[in-house]
Amino acid sequence: MKKVMLASCLTLLAATASAQTEVAPYRPGVTPDGVTYYLPRTVIRFVVTAEKTVYRPGEFCKYADRYLRLRGVSPEASTTWTLKDVSAETYGIPDKEKLYNIRLKSKTLAPLVELTEDGILLAINTEGEEETLAPVPTGTRPGKPLNPRDYMDQEMLSAGSTAKTAELVAQEIYEIRESRNALIRGEADNTPKDGAQLKLMLDQLTLQETALLQLFKGTLETTTEIFSFELDPTEEVDKTVLFRFSQRRGLVDKDDLGGEPVYISIRDLKTVPEPVYDEKTAKKKAKMEMGVFYNVPGRAALTVFDAQKTYCKEEYTMGQFGNVEILSDLLFNKKTATKVTFYQTSGGIKHIEAEEP
C-alpha cells in the first residue's frame, strides 16, 4: 500500500478529455508534479471444482468372474471427470482509461493520499485497508495405495502362471472372509475378549481383503482438482460460453468442442441512471474539475450454468457498469479536511467524513 503526503490541495487531471469537462489528459513528463492514480474496473475470478476418478484394472481382472463371481469388471483403464462447483469472486484492477493526477498547489491543506500497490485510489486524509484475494484452494491428493504383494505368501508369489496365482489369491480372499465371520460370531479359537483388540483384528483382515481384491477389481482413485481463471467483462452477455467441460478430460477451453458448454450471463441491473449532458450540467462539472474523480458503480447480475444445473447466481457491484463523478475540491481546502475511503473493487465511496482541520 502506498501513502503519499502532498504539500498541496487536490487538483486533478482526467485521463481522457470530455466535451463537458475541459480536462487535459495525463502525459508522463508533461503533467506537473503530482500523484497519479487509477480508478478500478471490476474483474471476476472463477474457481472451478472438479472431481477426477481414475480406474486402473487389476492384474487378474479377466479371472474376476471365474474365481470370485465379480461380473462387469473392465479390463480397460479409464478417467472420468465430474464438475462439482463453480464459484465467483470480484476484485479491482487499474482501469487504464481512468487515470488521474493530483497536482501540487501552494497555500492549501496538505492531504494524505493512499493508493494500493498497483495505483488504485484507496483513501484521502485517512487510512484505507487494502484487500487481497484469498489464495485459490488446493485440491485433494490420493493417499498411499495398498500394495497387494505385501499380503501375498510365498506360494502365491512363486506360482508358475498368472492363472494359478489368481486362483491362490482368490482362495486366500475366501479364507480371510471366513476368519472375519468367525471372529464376528465369536467362533474363532483366537477370538479376543477385549473389544478394541477385536476391532483391530477385524480391521486388519478387511485391509488384507481390500488389497488382494484390487488384483481382480482394479482400483478407483478419486481426487479433487481446482482450476481458476479471470474474466474482465466490458459489457452485458447472454448465455455466452465461459468454458467447456469434458467427462474424459475435465476443464477445456471454450473453443474445444470435445467438452460440454458451461455458460455465463451478465446483466446490467441499471441501478445507476445514464448521465445527462446539458449546458447546466456541463457548467457545474467545469467548476468541479479540480475535485476527486471516483466511480459510481452499478450492480450486475451474474449467472453460471449448463444444461443441467445453475452453479452460481449472484449480484456484484462493478465499476464499469456505472459512471464517473467528481467530489468538489472545496471538500479539501484549508477550511475542511474531508476523509474519504473508496471500495478497492468498484471505486465507489465507502465512507466520507468532513472535519475541521
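Ring pairs join Y37, Y100 and F293 into a cluster. Rings of Phe, Tyr and Trp (its six-membered ring) pair if their centres lie within 6.5 Å; planes under 30 degrees apart count as stacked, over 60 as edge-to-face and the rest as tilted. The model is predicted, local features need pLDDT of at least 70, side-chain atom pairs count only at pLDDT 80 or more, and totals for chains, interfaces and linings use all residues. Residues are numbered from 1 along each chain as its sequence is written, and side-chain values use heavy atoms, with hydrogens and water left out.

**Aromatic rings**

By this rule there are 8 aromatic pairs.

Helices (H or I, at least four residues) and strands (E, at least two) are DSSP runs, numbered from the N terminus. Both F229 and F243 are buried, and Y63 and Y67 are buried as well. Buried means under 20% relative accessible area, exposed over 50%, and partly exposed in between (1.4 Å probe, protein chains only).

The ring of Y263 has the charged end of K239 over it, 5.0 Å from the ring centre. A charge sits over a ring if NZ of Lys or CZ of Arg is within 6 Å of the ring centre and within 35 degrees of the ring normal.

**Positive phi angles**

R69 is not a glycine, yet its phi is positive, about 55 degrees. R69 lies in the loop between helix 1 (64–68) and strand 4 (78–103), and at 53% relative accessibility R69 counts as exposed. N125, also not a glycine, has a positive phi of about 65 degrees. The loop that holds N125 runs between strand 6 (121–124) and helix 2 (154–157). N125 is buried, with a relative accessible area of 16%.

**Helix 3 and helix 4**

The axes of helix 3 (residues 162–185) and helix 4 (residues 195–217) come within 10 Å and cross at roughly 155 degrees. Helix 3 is therefore roughly antiparallel to helix 4. Axes are lines fitted to C-alpha atoms, for helices over the stretch in contact, and angles run from 0 to 180 degrees between N-to-C directions; under 35 degrees counts as roughly parallel, over 145 as roughly antiparallel, 65 to 115 as roughly perpendicular and the rest as oblique.
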